[in-house]
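Reader: Before we discuss the terms used for this protein, could you show me the sequence and the structure?

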Amino acid sequence: MHQYYEVIGVSSAGLELEDVKREQGIRTIELEMSREITPLKDLVSLIKMVLLLKKEKPLIVHTHTPKAGIIGMLAAWITRVPHRLHTVAGLPLMESTGLKRKILSFVERLTYKCATNVYPNSFGLKDFIIENNLTTADKLKVLGNGSSNGIDTNYFSKTQDIVQSGNALRLQYKIDSSTFVFIFVGRIVKDKGINELLNSFDKLSKIEKRIKLLLIGSLEEYLDPISEESKNILHTNKNIIEAGYQNDVRPFLAIADCLVFPSYREGFPNVVMQAGSMGLPSIVSDINGCNEIIENGVNGLIIPPKDISVLYNAMYNILQDNQKTTYMAENARKMIVDRYDQMFIWQAIKSEYDLLLNNKGL
């Protein structure tokens, strides 16, 4: 976008923001926004955002994530920014109950009320928003085939360098070529389905010795921790490899045979697209986003969320039915390239910006 517009990135401080500044060549501004429900801190963030928008006078404010959404859209409405755009990439309220769900629903409604345009990043998410009366259908639009940013299919491919890096990982973790490798990429938390995944794999590894489970991501203890039983499996099952957070997941995907992603809720998960672009079939939950990227039996398997026995059976079948697994792997990359290549999504976003500004004569 910075080839066509002056782009300013606003986010909480961190190394990631510095990476964006360096890699994308845009101006960035640090503005702290808590991930938790913190009314006083949020008010301070809102005031700072209002002052920032008054200074910069943007034509478009485009927000992502629930917290940046409410702060950014409310501030943009207060300062009368002409185009107030919000991308919805998952809703925490889906897994919330009681008072917390009511609070989160109110925040979403207020965010969408302040926005001029709302972009769910999947068709399932759009349906959920309408069904729960979070906003009117005329404000909603899914860009392209879904996804917030698409996938760089050239980057996520099994190049010679990536394969060599993967071979080094095989040596490091003592994984021979005859071992079937399941992989999970994401935060190690309850609502990513980690309890079900660890339980299923632990059971499977007792009858199938030549399997491994690669866990790529940070174990988070404070917001949504996994169960004590799962922690015990994590620390005692020698076929589970905790690799922690990785800046580059491609070498890990290169040595894997199947992505397992039994999440409870998603917007449009990048990791499923990344794995598919690397030629991996996926086992995913029947939730929005996942069930749009994966076609059951074509490039992966779709299972109900929160069901250990069904997840176990899916993993067992992937292991046993080599012909089916090979068929799904062969379809995986082409389906991602055809539907979710990043340039396609970027062009859809740029066309939306151009349309909005042209309609206003700007």
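**Cavities, a helix pair and a sheet**

Author: In this predicted model, the largest cavity holds about 60 Å³ of space.

Reader: What makes such a space a cavity and not a pocket?

Author: The word cavity is kept for a set of points where a 1.4 Å probe fits but cannot get out, whereas a pocket is an open set. A search of the whole structure finds three cavities of 30 Å³ or more, and the second largest cavity has a volume of about 40 Å³.

Reader: Which residues line the largest cavity, and how many of them are nonpolar, polar or charged?

Author: The lining of the largest cavity is made up of H62, T87, Y119, P120, N121, L143, S147, S148 and I349. Tyr, Pro, Leu and Ile count as nonpolar, and the lining accordingly divides into four nonpolar, five polar and no charged residues.

Reader: What makes up the lining of the second largest cavity, and which classes does that lining contain?

Author: Around the second largest cavity stand E196, P262, S285, I303, P304, P305, K306, D307 and L311. Since Asp, Glu and Lys count as charged, E196, K306 and D307 belong to that class, and the lining has five nonpolar, one polar and three charged residues.

Reader: How do you know which residues of α10 and α13 are in contact?

Author: Contact requires heavy atoms within 4.5 Å, and by that criterion M273, G276 and S277 in α10 meet A332, R333, I336 and Y340 in α13. By class, this contact of α10 with α13 has four nonpolar, two polar and one charged residues.

Reader: What makes β8 and β11 edge strands?

Author: The open sheet has six strands in the order β8-β7-β6-β9-β10-β11, with parallel pairing. Both β8 (240–242) and β11 (300–303) pair on one side only, and these are the edge strands. From one strand to the next, the twist averages 20°.

Reader: How do you know that β7 and β8 pair?

Author: Pairing asks for at least two bridges between two strands, and strand β7 (residues 211–216) and β8 pair in the parallel sense over three bridges. L215 stands opposite E242 in β8.

Conventions. Residues numbered from 1 in each chain as written. Predicted model: local features only at pLDDT ≥ 70, side-chain atom pairs only at ≥ 80, totals over all residues. Heavy atoms only, no water. 1 Å grid on protein atoms, 1.4 Å probe; cavity = no way out; pocket = protein on both sides within 12 Å on 5 of 7 lines; lining within 4 Å. Points joined across faces, edges and corners; volume = space filled by probe spheres on them. Helix = DSSP H or I, 4+ residues; strand = E, 2+ residues; numbered from the N terminus. Axes fitted to C-alpha atoms, helices over the stretch in contact; angles between N-to-C directions.
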